[in-house]
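Hi there,

Here is the structure I promised to send you. Have a look at it first, and then read my notes below.

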Amino acid sequence: MIIAFASKNHLGLNSDVGNSIASSEYFTVAEIENGKLKKVKNVENPFFKEEEINAQKFVDFIKNTNAQKIVISVVDDADIENELLLNDIEVIKNVNGRIADILKEL
């Protein structure tokens, strides 16, 4: 399973979950296999600080990470959330805190 976490900065698992797509400078992508962390990578968010985000372009970006889930504090655009769900990407929202701690709970 691959999970993309909206990240406030480039610190990977030590980063806090980003508040929204536009306020998250990176996405920390964690690959889990047999219940263990296999691989982690940071991906720059091309939508950082953008006022309007095209839902399909954002979903294409997430699909390129191969993520099956996205973790974020708030998805502030219903079109983006709907497009993620239509593409079988689970949205886990209302999440705050350090990514490493949240990953343990998932």
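Let me start with a question: is Phe58 buried or exposed? Phe58 is buried, because its relative accessible area is 0%; buried means under 20% relative accessible area, exposed means over 50%, and partly exposed is in between (1.4 Å probe, protein chains only).

Before going on, a word on the background. This is a predicted model, where local features need pLDDT of at least 70, side-chain atom pairs count only at pLDDT 80 or more, and totals for chains, interfaces and linings use all residues. Residues are numbered from 1 along each chain as its sequence is written, and side-chain values use heavy atoms, with hydrogens and water left out.

Now to the aromatic rings. A pair of aromatic rings is described by the distance of the centres and the angle of the planes. Rings of Phe, Tyr and Trp (its six-membered ring) pair if their centres lie within 6.5 Å; planes under 30 degrees apart count as stacked, over 60 as edge-to-face and the rest as tilted. By this rule there are five aromatic pairs. One of them is edge-to-face, because the rings of Phe47 and Phe58 have centres 5.6 Å apart and planes at 65°. This pair links distant parts of the chain: Phe47 sits in the loop between strand 3 (36-44) and helix 1 (55-64), while Phe58 is in helix 1, 11 residues apart. Helices (H or I, at least four residues) and strands (E, at least two) are DSSP runs, numbered from the N terminus. Phe47 counts as buried too, at 8% relative accessibility.

Phe58 also pairs with Phe61: their ring centres are 6.1 Å apart and their planes at 45°, so the pair is tilted. These two are three residues apart in helix 1, which means about one helical turn separates them. Phe61 is buried, as is Phe58. Together, Phe27, Phe47, Phe58 and Phe61 form one aromatic cluster.

Next, have a look at two loops. Val74 is in the loop between strand 4 (69-71) and helix 2 (78-86), and it is partly exposed, at a relative accessible area of 40%. Not counting residues up to four places away in sequence, Val74 touches Asn19, Ser20 and Ile21, where contact means heavy atoms within 4.5 Å. Ser20 belongs to the loop between strand 1 (2-7) and strand 2 (26-33). Ser20 counts as buried, at 10% relative accessibility.

Enjoy exploring!
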